[in-house]
Amino acid sequence: MSKLRSRCVTVAISVALAWLLFAFHFLLVERVPESEHAAERELPVSVCPKRETVKGSRNTLSEFRDITVSTGGSSRGDADDDCRGRYIYMYDLPKMFNDRFLENCRSLTIWTNMCKEMINEGFGPPLQDPEGVFQGPGWHATNQFMLELIFHNRIRRYKCLSDDSSKANALFVPFYAGLDVMPHLWDGANITERDSVPKALENWLMARPEWKRLHGRDHFMTGGRITWDFRRRTDEENDWGNKLMLLPGIVNLTTLLIEASPWHPNDYAVPYPTYFHPSSDEQIVSWQNYVRGVKRPSLFCFAGAPRPEIDTSIRSQLISDCKESQYCNLLACGKSSGKCFEPSNVMKLFKESVFCLQPQGDSYTRRSIFDSMLAGCIPVFFHVYTAYTQYIWHFPDDRASYSVFIDEGHVRAGNVSIEQTLRSIPSKKIERMREKVISLIPKIIYAKPDSRITMKDAFDLAIDGGDTYGAGVSAAEEQGGGRVEALRRPISS
């Protein structure tokens, strides 16, 4: 009898413990994060340095850490697993969202056949170098809008790629957003046609269990064009771009773009592709040594065309000032001149100049920023949104260590001399600034996917979120759950 009573007590205790464990698990998995209507609070400065303050209701991904990683088999691995907190799952999208654009490369723009730009995994054809401008291998005629192909091919070889979405710390959506919108920016397509593929992607994602888990908060994608091409504000037929990044099923995704919006915290800017795609550390060091020792006869230079249709543009004034100065070298661009379309002309100009003027392009940013820095030329910026609020993972917080800033308002008013400003900088300071620029070269280039490079390039910094991951996995996890740093911050609810 006593044995039977003992067995009954044991069974009762076991059942009670089982129910307690079930209740505890339910609370963990089903608990609601901070209210979507919580009081507004600013983004931490450490998370988003040098950006303008962005306010709004936010939930941190650290709150979703235990939900995102499967309890059945952790992707975090052992303590010595260097992929812990960095696993990425890549969706196998229907070809209408990526490969179709490669197949239709001849019709992506009304001006040119884009097929040659897409060879060599988005790097384009190798550059010929009869004048010895590039000094070694790894140089390609890379189109500035090939970011999506470059990222997709790098993620395919990413060492922490997981084929199990439940064990991944972030999920990559390999949609070629820029190639989708590109033909519709100038071909007169109506808004229904422009939004058709983005809405199809939205429907496809929202039907996936991976998306339903966090409504896309742990997803990211790339955009090979500027953010404004994907943020059409109205449904007027003459308004610009599509509404990809405003769609309810897409708005929570983190997007890596060549130009981000300072007012949308799910945007992050990454460098424009340059012409240099090395496959070894030796190629990088060799190029750094070369630009470090090259002679620079021009104090400053400008490569570009005027923008008379933009009332606030200072380009015409910079061109005029450059023409009048014996210290400036000008590479005039425009419809009547094809010089700027030759990479050797552009890189030759930059490597022979101490400073390179970088006003706004058609938008806040321009590819020329990265081409000039690749040549060891110190950039001169005229608007904070051109670089300082953009490339927060790739450029130092200390702006004066690698660049010069001249407010474009003073240029328009005519109360500042660019020549005198640059001539007044001591030579020792110029040497320090140039050395800083040269040290940044690995961070602003995209290495070949099969490279043996140990230095972090632009892709690595975008995936790891700058140098913060180098502080160690535990530190990264404290900041937001040990996931891709692009998602390791307050995000839209």
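Okay, let's start with a definition: a residue is buried when its relative accessible area is under 20%, exposed when it is over 50%, and partly exposed in between, using a 1.4 Å probe and protein chains only. By that rule Asp457 is buried, because its relative accessible area is 2%.

Quick housekeeping. What you see is a predicted model, where local features need pLDDT of at least 70, side-chain atom pairs count only at pLDDT 80 or more, and totals for chains, interfaces and linings use all residues. Residues are numbered from 1 along each chain as its sequence is written, and side-chain values use heavy atoms, with hydrogens and water left out.

So, who is Asp457's partner? It's Arg154, and the two form a salt bridge (a side-chain nitrogen of Lys or Arg within 4 Å of a carboxyl oxygen of Asp or Glu), with the closest N and O atoms 2.6 Å apart. This pair links distant parts of the chain: Arg154 sits in helix α4, Asp457 in the loop between α14 (427-439) and α15, and they are 303 residues apart. Helices, by the way, are DSSP runs of H or I with at least four residues, strands are runs of E with at least two, and both are numbered from the N terminus. Arg154 counts as buried too, because its relative accessible area is 9%.

Next, Asp464 bridges to Arg86 at 3.2 Å between the closest N and O atoms. Here helix α15 is joined to the loop between α2 (65-68) and β4 (88-90), across 378 residues. At 5%, Asp464 is buried, and so is Arg86, at 12%.

Arg423 is partly exposed, at 43%. Across the whole structure, a search finds 22 salt bridges, and Asp195, Arg232, Asp235 and Lys243 are linked in a network of them.

Last stop, Ile110 and Trp111. Where do we find Trp111? Trp111 is in the loop between α3 (99-103) and α4 (147-156), and Ile110 is in the loop between α3 and α4 as well. Trp111 is exposed because its relative accessibility is 59%, and Ile110 is exposed at 56%. Ile110 and Trp186 are 76 residues apart in sequence, but their C-alpha atoms are 7.9 Å apart in space.
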